[in-house]
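Thanks for making the time. I have one structure to go through, and I will keep to what can be computed from its atoms.

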Amino acid sequence: MNYTKSIAIVIILAGIGIIITAVTSSMLQLQIAGALAGVGFICLGLLQLKRDQDRKQNKQRFEQIIAKLEQIQQELQKEEQTKGSGVVIADVIASGLKYYSEYMTKPKKEEKKE
């Protein structure tokens with residue numbers, strides 16, 4: 001389960017709570033320290049939200065890339081299947097023609113020698 005968004009909201013709410021308690025305190029040093037701590041919590045929560053959004057975008061990009069790679073792989077397999085059969089047929093025809101030409105030229109050479 002993905003709890004990052006809810007955790008970020010809780011951190012932001014904690015930061016707001018710390019700022020409110022700091023403002024209501026009577027000492028100036030405590031108000032400043034509490035306000036800084038509250039702002040820090042709010043920033044951490046916002047960073048967590050941004051990280052969650054980036055993770056979702058990266059996941060979508062990854063899925064798109066994987067889909068494109070699978071599509072390319074299927075296209076390559078189709079091309080290999082079609083190319084492979086043509087090469088085999090061409091090799092068979094070429095070897096047959098070579099054998100036929102050797103067979104046809106051999107008797108002529110022997111007749112000329114006699």
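**Asp 52 and its surroundings**

Let me start with a single residue. Leaving aside residues up to four places away in sequence, Asp 52 touches Asn 2, Thr 4 and Lys 5. Keep in mind throughout that this is a predicted model. Asp 52 has its place in helix 2, a run that covers residues 28-113. Is Asp 52 buried or exposed? Its relative accessible area is 4%, and the cut-off for buried is under 20%, so Asp 52 counts as buried.

Asp 52 also has a charged partner. Lys 56 forms a salt bridge with Asp 52, and the closest N and O atoms are 3.8 Å apart. That falls inside the criterion, which is within 4 Å. Why can these two residues reach each other along the helix? Lys 56 and Asp 52 are four residues apart in helix 2, so about one helical turn separates them. Lys 56, at 41% relative accessibility, is partly exposed, whereas Asp 52 is buried.

On to the other pair. How many salt bridges does a search of the whole structure find? The search finds two. As background, side chains of opposite charge can pair when their charged atoms come close.

Next, helix 1. It runs over residues 4-24, which is 21 residues. At 1.5 Å a residue, helix 1 should span 30 Å, and its end C-alpha atoms are 31 Å apart, so the two values agree. Which residues of helix 1 are buried? They are Thr 4, Ala 8, Ile 12, Gly 15 and Ala 22. These residues cover an arc of only 85 degrees around the axis, so they lie on the same side of helix 1. Thr 4 is also one of the residues that Asp 52 touches. On the other side of helix 1, the exposed residues are Val 10, Leu 13, Ile 20, Thr 21 and Thr 24.

Now the surface. Phe 62, Ile 65, Ile 66, Leu 69, Ile 72 and Leu 76 make a nonpolar surface patch of about 560 Å². Take Ile 65 from that group: it is found in helix 2. Ile 65 has a relative accessible area of 49% and is partly exposed; patch residues need over 30%, so Ile 65 passes that cut-off.

Last, the chain as a whole. The protein chain has two helices and zero strands. Of its 114 residues, 10% count as buried. The chain exposes about 10,000 Å², with carbon and sulfur atoms supplying 65% of that area. For contacts between residues at least 6 apart in sequence, 59% join residues at least 24 apart.

Definitions and conventions:
Residues numbered from 1 in each chain as written. Predicted model: local features only at pLDDT ≥ 70, side-chain atom pairs only at ≥ 80, totals over all residues. Heavy atoms only, no water. Patch = residues over 30% accessible without salt bridge, like charges linked within 9 Å, V, L, I, M, F, W, Y side chains within 5 Å. Areas by Shrake-Rupley, 256 points an atom, 1.4 Å probe, with all protein chains shown as cover. Salt bridge = Lys/Arg side-chain N within 4 Å of Asp/Glu carboxyl O. Buried < 20%, exposed > 50% of the residue type's maximum accessible area, 1.4 Å probe, protein only. Contact = heavy atoms within 4.5 Å. Expected span 1.5 Å × (residues − 1). Arc of directions from axis to C-beta.
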